[in-house]
Amino acid sequence: MIDNRGRVVALIPAAGMGTRLGEAVPKAFVEIDGVTLLELSADAARRSGVVDQIVVAAPTELIERAAALVPDAIVVPGGAERSDSVRAGLAAAPDAAFVLVHDAARALTPPELFASVVTALRDGARAVVPGLRVVDTLKRVDATGAVLGTADRDELRAVQTPQGFAADVLRQAHSGQGDATDDAGLVEAEGVAVTVVPGDAMAFKVTTPFDLRLARLLVADRQSS
Ligand code: C5P
């Protein structure tokens, strides 16, 4: 889909090792019913209908495999930190007007979430993140575990991906060597307003063996219904 209001690039960092998952292959290459997390994530981006180009940052030794799994993507080698992988992907997308950074590990993200982030960008937001209300009470603690305070839950959101940005905003945020677990953190540090749109429980990140089990059960459930 070519849109003369500006090309949308979905940038998928998939170069992490995923050590917390404890699988033999890097996390994006772990399979659910024979399909890798990377393929599932790329498929959601594609099916959203709002993405013009997919860029994947893959582990150096798995570039060819990533290219075979996502044949319509530009595949680049990722870096040591997640932000290095995002910077590598950005360099491969010089003509993007908007960039959606989406963790390969959020493999069950509904296509509609990509669309709602792009809608907010097209409506003028410069930085958009999906966020969910927090269900647990969150406490600040010190190194010994002593409670320092209780956060006001109404003010908190658990932030997911795809995180969408006007491309120039994201490039500026990544022009240094800063690292952040989410790109919006770097953009905020630049003083750019970040907007939260409603997230989706299905956009959870596969991080632990529990998450992978949950993802496999959800896919099996989807297939049987
Ligand atoms: O490790 P974590 O779950 O926070 O990683 C989030 C996403 O960033 C994953 O999809 C992972 O593959 C990616 N990543 C990357 N390059 C790194 C580290 C993580 O592309 N060096």
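**Ligand pocket and selected loop residues**

At 14% relative accessibility, Ser48 counts as buried in this predicted model, since the limit for that class is under 20%. Ser48 belongs to the loop that runs between helix H1 (37–47) and E4. A polar atom of the Ser48 side chain lies 2.6 Å from the backbone oxygen of Ala45.

Pro59 occupies the loop between strand E4 (53–58) and helix H2 (63–69). The relative accessibility of Pro59 is 4%, and Pro59 therefore counts as buried. Along the chain, Pro59 and Ala97 are 38 residues apart. Their C-alpha atoms are separated by 26 Å.

The ligand is surrounded by 15 residues. The closest are Pro13, Ala15, Lys27, Gly79 and Ser85. By residue class, the shell around the ligand holds six nonpolar, three polar and six charged residues. The space that the ligand takes is the largest pocket.

One belongs to Pro13, at 2.8 Å from an oxygen atom of the ligand. Another belongs to Ala105, where the distance to an oxygen atom of the ligand is 3.4 Å. On its own, the ligand has 460 Å² of accessible area, and the protein covers 87% of it.

Most residues other than glycine have a negative phi, and most peptide bonds are trans. Asp33 is not a glycine, yet its phi is positive, at about 50°. Asp33 sits in the loop between strand E2 (31–32) and strand E3 (35–36). Its relative accessibility is 58%, so Asp33 counts as exposed; the cut-off for that class is over 50%.

The other feature is a peptide bond. From Thr161 to Pro162, the bond is cis, with omega near 10°. Pro162 is placed in the loop between strand E10 (157–159) and strand E11 (163–166).

Gln163 lies in strand E11. Gln163 has a relative accessible area of 1% and is therefore buried. The Gln163 side chain reaches two backbone atoms. One is the backbone oxygen of Gln160, at 3.2 Å. The other is the backbone nitrogen of Ala184, at 3.0 Å.

Val194 is in the loop between helix H6 (183–189) and strand E12 (195–198). With a relative accessibility of 25%, Val194 counts as partly exposed. This value falls between the limits of under 20% for buried and over 50% for exposed. Val194 and Ala151 are 43 residues apart along the chain. The separation of their C-alpha atoms is 21 Å.

Ser48 is buried at 14%, as is Pro59 at 4%. Val194 is partly exposed at 25%, whereas Asp33 is exposed at 58%. In strand E11, Gln163 is buried at 1%.

Key. Residues numbered from 1 in each chain as written. Predicted model: local features only at pLDDT ≥ 70, side-chain atom pairs only at ≥ 80, totals over all residues. Heavy atoms only, no water. Near = heavy atom within 4 Å. Polar contact = N/O pair within 3.5 Å; in protein donor to acceptor, adjacent residues only side chain to side chain. Areas by Shrake-Rupley, 256 points an atom, 1.4 Å probe, with all protein chains shown as cover. 1 Å grid on protein atoms, 1.4 Å probe; cavity = no way out; pocket = protein on both sides within 12 Å on 5 of 7 lines; lining within 4 Å. Sits in = over half its atoms within 2 Å of the grid points. Nonpolar A, V, L, I, M, F, W, Y, C, P; charged D, E, K, R; others polar. Helix = DSSP H or I, 4+ residues; strand = E, 2+ residues; numbered from the N terminus. Buried < 20%, exposed > 50% of the residue type's maximum accessible area, 1.4 Å probe, protein only.
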